[in-house]
Amino acid sequence: MLLPLRSRLRGERRALVTALASLLLPLACTGDYMPPPTSEGELGRGEFIYRCTGTSDALCPVGAQQATSFPQAVALRGEFGLDYTYKEEFDGDPLPTLKSSSSERIELTNGIFKGMTEGYTAILAVSGASEVIDIKHIRVAAVDHLTISQDQIEVGPQVEVEAGRTIKLTASPQSAQDQLLGGSLDYWWTSADTSVAKLSGAGTDDLVVVQGVAEGTTEFTVKVGQVTQSVMVKVTPSMTSGSASDSDGTTDTDTDTSTTGDTSTTGDTTGDTSTTGDTTGDTTGDTTTGG
Amino acid sequence: MHTTRIPRTSALVLGLGLLAATTACQPDYGSLEVELGTTPPAAASIHSTDFQIQIGTAVLINVKPVSANRNDYIETDTVEMTSQDRTVMDVEPGPEAWSFVLIGAGIGETCIDVVINGAVEDCIDARVVEQE
């Protein structure tokens with residue numbers, strides 16, 4: 001009588017362990033967990049959801065409107081969006097409109113907020129005529145410095161790219177307290193010597209594609225407002241014959257349509273479809289394939 | 001036709017008595033209890049006689065009028081708060097009865113009227129200061 005009971009208990013314990021393991025395993029394997037970009041309202045009725053409004057908000061992955069987290073602060077002059085969602089117990093209440101407590105501090109135009117003055121500003125969730133049903137204070141901070149990263153790892157003073165290949169660099173605005181700042185900003189990337197390395201695209205987003213042109217070293221600079229950050233780009237000789245691809249081995253289709261920030265004066269190969277190590281200073285309509 | 005005449009003095013006494021009885025049942029405003037409902041990121045000073053918050057910030061307050069006589073205010077008594085200068089400190093109703101949100105709109109001083117059952121009963125000094 002005792003043995004079957006012990007055996008059954010052991011069986012149940014095993015089943016429990018298996019169930020727990022199967023529950024934890026998927027969690028452990030999802031390496032790219034992204035915390036929701038929400039923050040609870042101060043009156044506890046719901047959550048404020050942060051939205052990126054442009055392509056150059058450091059809080060949103062490239063091409064995404066969904067931020068990875070609610071910002072601790074947004075950049076001065078940075079643009080962003082906010083939504084509001086009720087907690088379950090308040091579901092069914094009419095959706096509030098969001099407004100700034102002071103348009104001189106955080107401006108609201110056509111649903112886009114813009115940080116105008118450093119410090120805290122309350123965003124009010126207003127229901128009906130004027131009833132404030134929730135509050136969220138947003139801190140606006142000046143961009144103190146920029147960091148440049150490659151594949152989400154902050155780069156040192158120099159990065160390398162093979163001639164004919166590309167790498168992607170991302171600039172991130174930081175506060176004086178080293179906090180990543182939210183908000184879409186105007187970036188301005190430039191290459192000191194486009195005959196060595198040039199940027200693809202307009203160079204007005206936080207992300208820039210750097211293309212190695214010819215062996216040598218040049219300086220890439222990114223500017224946001226009055227804040228600049230530079231990184232030396234060393235172009236190494238091409239190791240492979242002839243194809244242009246990302247350094248990570250992926251094929252990069254570049255639909256470059258702008259010359260902003262590019263001071264190239266070398267031969268323009270507009271409309272060129274390059275399949276070999278192209279070292280010309282093209283700027284427009286260039287489709288680069290290979291890999 | 002037979003009519004009953006009430007002496008004028010009796011009528012006066014009766015009227016005064018009724019008036020006294022009616023007012024005796026009503027609360028008489030004495031003061032306002034104020035409690036901070038949220039903790040703003042920038043310091044705020046909230047008392048029953050004066051409010052001070054920093055520009056751009058908003059705080060929720062819960063108020064309770066205190067009667068000076070034996071008749072307390074009850075939930076059906078309406079309490080409104082209105083700012084004499086909304087460009088300095090704005091006041092909006094909160095999500096619950098007798099709750100309000102003070103909003104620091106601009107640097108300066110003003111007064112917040114406390115209106116109970118439609119009558120202005122008090123004025124609370126309000127100041128909005130720069131953020132520290």
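**Ground rules.** I worked with a prediction, in which local features need pLDDT of at least 70 and side-chain atom pairs count only at pLDDT 80 or more, while totals for chains, interfaces and linings use all residues. Residues are numbered from 1 along each chain as its sequence is written, chains are lettered from A in the order in which they are written, and side-chain values use heavy atoms, with hydrogens and water left out.

**Sheet in chain A.** I looked up the strand order first. I found an open, antiparallel sheet of five strands, ordered β1-β2-β4-β7-β6. Strands here are DSSP runs of E, at least two residues, numbered from the N terminus, and two of them pair if DSSP finds at least two bridges between them. At the edges I noted β1 (38-40) and β6 (106-109) of chain A, each pairing on one side only. From one strand to the next the twist averages 35° (axes are lines fitted to C-alpha atoms, and angles run from 0 to 180 degrees between N-to-C directions). I then followed one pair: β2 (residues 46-51) and β4 (residues 79-86) of chain A are antiparallel and share six bridges. Within that pair, Gly46(A) has Tyr86(A) as its bridge partner.

**Sheet in chain B.** My next stop was an open sheet of four strands, β1-β4-β7-β6, again with antiparallel pairing. Its edges are β1 (29-36) and β6 (89-93) of chain B; each has a single partner strand, so one side of each lacks a neighbour in the sheet.

**Where the chains meet.** I counted 18 residues from chain A and 17 residues from chain B in the contact (heavy atoms within 4.5 Å). Together the chains bury about 1400 Å², 60% of it on carbon and sulfur atoms; this is the accessible area (1.4 Å probe) lost on being put together, summed over both parts.

I found one salt bridge across the interface, counting a side-chain nitrogen of Lys or Arg within 4 Å of a carboxyl oxygen of Asp or Glu. Arg45(A) and Glu96(B) form a salt bridge at 3.0 Å, N to O. On the chain A side, β8 (119-127) and β9 (131-141) are the elements that give two or more residues.

Definitions and conventions:
Buried area = accessible area lost by both parts, 1.4 Å probe.
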